[in-house]
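Please examine the protein shown below, and follow its chain from one end to the other before reading on.

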Amino acid sequence: DNSGWMANVFTATDDETLAAVGFYMVSPNTEYEVYVYEGCTGYDPRSGTLLCSMRGVQDHAGYVTLPLPQDVNVMAGGRFSVVVSVTSPDADYPLVMESAFSDYSSAASAQAGESFINFNPDAYSWQDVSAKGANCCIKVYTQGRSQEDGRTLYVDAQATAANPDGLTW
């Protein structure tokens, strides 16, 4: 089929604001829907509270980074999911996943309960692909919300005046 759903479940490591999501489109003119939920439980990434959603059509294939239409705040230790639906014209495999392959993507990893696919969202039959060592290629980009985000930078000009690149102040 040329459509499907994929989802990744994340645990926030700090109090942060979700700014954008990224994923692959396998063909031009792909229709997409993106949903962000917090407090998802078990093996259903669409459980919990819907925080944000958006939809559109992407005119080119490849990796896209899409800004979220509103700020989405998550708390340290909180679970949230990014759920993506795609319909890719002329594509037999619309969902992009990765798994570890020696000398190619050997750093790819996933833990059980983190990454899911679904070809029948009405039946809520999510398959945990992370249990098989794969994960959906969905990223989330954040902005920190802590007081430490705005810092003053001091430069000691004496210590850096002589440098091998010949840079001057």
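Which residues do ring pairs link into a cluster? The cluster consists of Trp5, Tyr35 and Tyr37. Rings of Phe, Tyr and Trp (its six-membered ring) pair if their centres lie within 6.5 Å; planes under 30 degrees apart count as stacked, over 60 as edge-to-face and the rest as tilted. The face of Tyr35 also has Arg46 over it, at 5.4 Å from the ring centre. A charge sits over a ring if NZ of Lys or CZ of Arg is within 6 Å of the ring centre and within 35 degrees of the ring normal.

The model is a predicted one, in which local features need pLDDT of at least 70 and side-chain atom pairs count only at pLDDT 80 or more, while totals for chains, interfaces and linings use all residues. Residues are numbered from 1 along each chain as its sequence is written, and side-chain values use heavy atoms, with hydrogens and water left out.

Helices (H or I, at least four residues) and strands (E, at least two) are DSSP runs, numbered from the N terminus. Of its 169 residues, 38% count as buried; buried means under 20% relative accessible area, exposed over 50%, and partly exposed in between (1.4 Å probe, protein chains only).

In total, the structure holds six aromatic pairs. One of them is formed by Phe10 and Phe80, which are stacked, with 5.4 Å centre to centre and 20° between the planes. This pair links distant parts of the chain, since Phe10 belongs to strand β1 and Phe80 to strand β6 (residues 79–87), 70 residues apart. Phe80 counts as buried because its relative accessibility is 4%.

The cysteines form zero disulfides in a search of the whole structure, a disulfide being a pair of cysteine sulfur atoms within 2.5 Å. The sulfur of Cys136 is 7.6 Å from the closest cysteine sulfur, in Cys137, and is therefore too far for a bond. Cys136 counts as buried because its relative accessibility is 2%. Cys40, with a relative accessible area of 4%, is buried as well.
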